[in-house]
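The sequence and structure come next.

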Amino acid sequence: MGGLILGAALAGCALLAQAPDLAARRPKGPALPQGRTSPDLRPGEAFALAGPDGAVQSWGEASAEQALGSLAALVWLRFEGDAWAARDVRFKCPGGAAGCTRPKGHGRVDLAEALKGDCRLAFRTWIAESAAQWVEDYGEGVARARLEEGFRPFLGARLPRADRLPDFGPAWTGDGDLLRTTPAAFLAWLADPAQFELLSRCRRTLGSASFHFRDLVGTEDWWTHAGVDAQGAWVAGGNGRAAALLRIRGACSAEEARARFRAILGIKG
Ligand SMILES: [Zn+2]
């Protein structure tokens, strides 16, 4: 399975190699459906959209800082996705009593299933395994510096100074306030060319719905990643040319959040 993921990731890279041509044929910046100049947002929603040139437009409460929540999984996928795919990681989730997002547990999950189901226990287990490997490979001081570098956009100055690795508790998979972002800042990070391999992996792992945001992206498949936390829900998505991010404050299920994401983009699920 690891070979499959790597092979498909390489195929994704070949597609991405065409991106500059596609970008050159398109107008600057993203367009909204049917000539609208702003999306129809409800109170408490924030929406950000990045087009082929990486320029980010945002609406609603897009500059309000909030907990990273389920988006932490995407940052970890960027940080350790290659290693986890190569190891073909697996996990058996015992469920809510042990601190996961689904009370009955997620059962046996691989990387794709953990990502889709927001199985934070699986991620914490794999993070701990990775951390042990980093220490063995290049020592704890270097591992710490690399971790700080990778998570700096979401950590601010909240991580106490140290030369050892932190305990990778729930805060590192999106619970609480350690990792924070704004919708506009996270989408800018996601749309950065440095994230091409992450986006390729997301598209392969999470993409299934055929979305029709015709003005911007035609009928290509969009991947989406949704998750809920104590303050609301996040939905991130993209299709290789464009990326978008929705934040909803307040009680909302992952499915409801995905439906809003599609409605705001004016696309059919
Ligand atoms: Zn789980």
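## Leu159 and its loop

Leu159 sits in the loop that runs between helix 6 and strand 6 (180-181). The model is a predicted one. Is Leu159 buried, exposed or partly exposed? Leu159 has 16 other C-beta atoms within 10 Å, which puts it in the partly exposed class, because that class lies between the limit of 12 or fewer for exposed residues and 20 or more for buried ones.

Apart from neighbours within four places in sequence, the contacts of Leu159 are Glu148 and Pro166. Leu179 lies 20 residues from Leu159 along the chain, and the C-alpha atoms of the two are separated by 9.3 Å.

## Helix 5 against helix 6

Two packed helices are described by the angle between their axes and by the distance between those axes. For helix 5 (residues 120-138) and helix 6 (residues 140-155), the axes come within 7 Å of each other and the crossing angle is roughly 125°. Helix 5 is therefore oblique to helix 6, since an angle from 65 to 115 degrees would count as roughly perpendicular and one over 145 as roughly antiparallel. The crossing of helix 5 past helix 6 is right-handed.

Which residues make the contact? Helix 5 supplies Ala131, Trp134, Val135 and Tyr138, while helix 6 supplies Glu140, Val142 and Ala143. By class, the residues of this contact between helix 5 and helix 6 are 6 nonpolar, no polar and 1 charged.

## Helix 3 against helix 5

Helix 5 also packs with helix 3, at an angle of about 50° and with 11 Å between the axes. This angle makes helix 3 oblique to helix 5. Helix 3 passes helix 5 in a left-handed crossing.

On the helix 3 side, the residues that meet helix 5 are Ala73, Trp76, Glu80, Ala83 and Trp84; on the helix 5 side they are Phe123, Trp126, Ile127 and Ser130. The contact of helix 3 with helix 5 divides into 7 nonpolar residues, 1 polar and 1 charged.

## Glu80

Glu80 belongs to helix 3 (residues 72-87) and is one of the residues that meet helix 5. Why is Glu80 classed as buried? Glu80 has 22 C-beta neighbours inside 10 Å, and the class requires 20 or more. Ile127, which is 47 residues from Glu80 in sequence, lies 8.2 Å from it in space, C-alpha to C-alpha.

## Helix 10

Helix 10 (residues 254-265) consists of 12 residues. From its first C-alpha to its last, helix 10 reaches 17 Å, close to the 16 Å expected at 1.5 Å a residue. Just after helix 10 comes Gly266, with a positive phi of about 75°.

The buried residues in helix 10 are Ala254, Ala257, Arg260, Phe261, Arg262, Ile264 and Leu265. Which strands are included in what covers the buried residues of helix 10? They include strand 1 (45-50), strand 8 (221-228), strand 9 (232-238) and strand 10 (243-249).

## The chain overall

The secondary structure of the protein chain amounts to 10 helices and 10 strands. Of the 269 residues in the chain, 42% are buried.

Contacts within the chain were also sorted by sequence separation. Among those between residues at least 6 apart in sequence, 61% link residues at least 24 apart.

Technical notes: Residues numbered from 1 in each chain as written. Predicted model: local features only at pLDDT ≥ 70, side-chain atom pairs only at ≥ 80, totals over all residues. Helix = DSSP H or I, 4+ residues; strand = E, 2+ residues; numbered from the N terminus. Contact = placed C-beta atoms within 7 Å. Expected span 1.5 Å × (residues − 1). Axes fitted to C-alpha atoms, helices over the stretch in contact; angles between N-to-C directions. Parallel < 35°, antiparallel > 145°, perpendicular 65-115°, else oblique. Left-handed = near helix turned anticlockwise from the far one by under 90°. Nonpolar A, V, L, I, M, F, W, Y, C, P; charged D, E, K, R; others polar.
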